Amino acid sequence: MLDFEKIVDEFYQPLYRFALSLTQRESDAGDLVQQTFVQWAAKGHQLRDETKVKTWLFTTLRREFLATVRRSARFSDDPLPEDDGQIAFTATQAEQLDAATVLDALGKLPLEYREPVTLFYLKQLSYTEIAEILELPMGTVMSRLSRAKTQLRKLLIQD
């Protein structure tokens with residue numbers, strides 16, 4: 001049996017950072033993480049494979065976020081912009097970027113792109129884990145990562 005306190009200690013910070021990247025608000029991120037652990041307390045015993053705790057928690061947090069967005073009617077069905085090619089920038093330009101600038105640009109990405117980038121680069125999850133968490137085919141995850149990188153480059157070059 002998995003110890004609740006150990007799970008909270010191990011996963012609170014990564015879940016909070018993921019929630020913050022989704023919500024862009026500290027209070028909302030804290031609420032999402034808290035709700036995720038409420039769900040774990042209620043249903044975590046049903047998990048058969050203890051190696052899937054991380055995936056279960058991230059998936060649950062994402063589902064809670066999407067439910068919150070739907071309830072608050074902030075969800076947008078605007079079509080996604082098309083990828084119109086790669087934009088390169090030099091190593092010098094890259095060195096000038098600081099973490100705050102990159103995180104600010106990340107926050108400007110549509111949710112469909114922000115989620116996989118956050119999970120891949122900030123949480124260092126594999127494509128397979130991201131596909132499970134986002135409930136998407138792996139090809140879609142890879143495509144969204146590619147498009148997100150293109151959009152991030154454009155945003156970072158504009159600044």
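Is Tyr127 buried, partly exposed or exposed? Tyr127 is partly exposed, with a relative accessible area of 32%, where buried means under 20% relative accessible area, exposed over 50%, and partly exposed in between, with a 1.4 Å probe and protein chains only. The model is predicted, so that local features need pLDDT of at least 70 and side-chain atom pairs count only at pLDDT 80 or more, whereas totals for chains, interfaces and linings use all residues. Residues are numbered from 1 along each chain as its sequence is written, and side-chain values use heavy atoms, with hydrogens and water left out.

**View 1. The overall helical fold.** The protein has eight helices and zero strands, helices being DSSP runs of H or I with at least four residues and strands runs of E with at least two, numbered from the N terminus. Of its 159 residues, 37% count as buried.

**View 2. The aromatic pair of Phe4 and Phe37.** Seven aromatic pairs are found in a search of the whole structure; rings of Phe, Tyr and Trp (its six-membered ring) pair if their centres lie within 6.5 Å, and planes under 30 degrees apart count as stacked, over 60 as edge-to-face and the rest as tilted. One of these pairs, Phe4 with Phe37, is edge-to-face, at 6.3 Å centre to centre and 80 degrees between the planes. This pair links distant parts of the chain, since Phe4 lies in helix H1 (residues 4–23) and Phe37 in helix H2 (residues 26–43), 33 residues apart. Phe4 counts as partly exposed because its relative accessibility is 35%, whereas Phe37, at 7%, counts as buried.

**View 3. The stacked pair of Phe120 and Tyr127.** The ring centres lie 5.2 Å apart with the planes at 20 degrees, so the pair is stacked. Phe120, at 25% relative accessibility, counts as partly exposed.

**View 4. The largest nonpolar core.** This core has 39 residues, and those with the most contacts inside it are Leu15, Leu57, Leu61 and Leu119; a nonpolar core is a set of buried Ala, Val, Leu, Ile, Met, Phe, Trp, Tyr and Cys residues joined through side-chain atoms within 4.5 Å. Among the elements that give two or more residues to this core are H1, H2 and helix H3 (53–72), and H3 gives the most, with eight residues. Not counting residues up to four places away in sequence, Leu15 touches Val33, Thr36, Phe37, Leu57, Phe58 and Leu61, a contact meaning heavy atoms within 4.5 Å.
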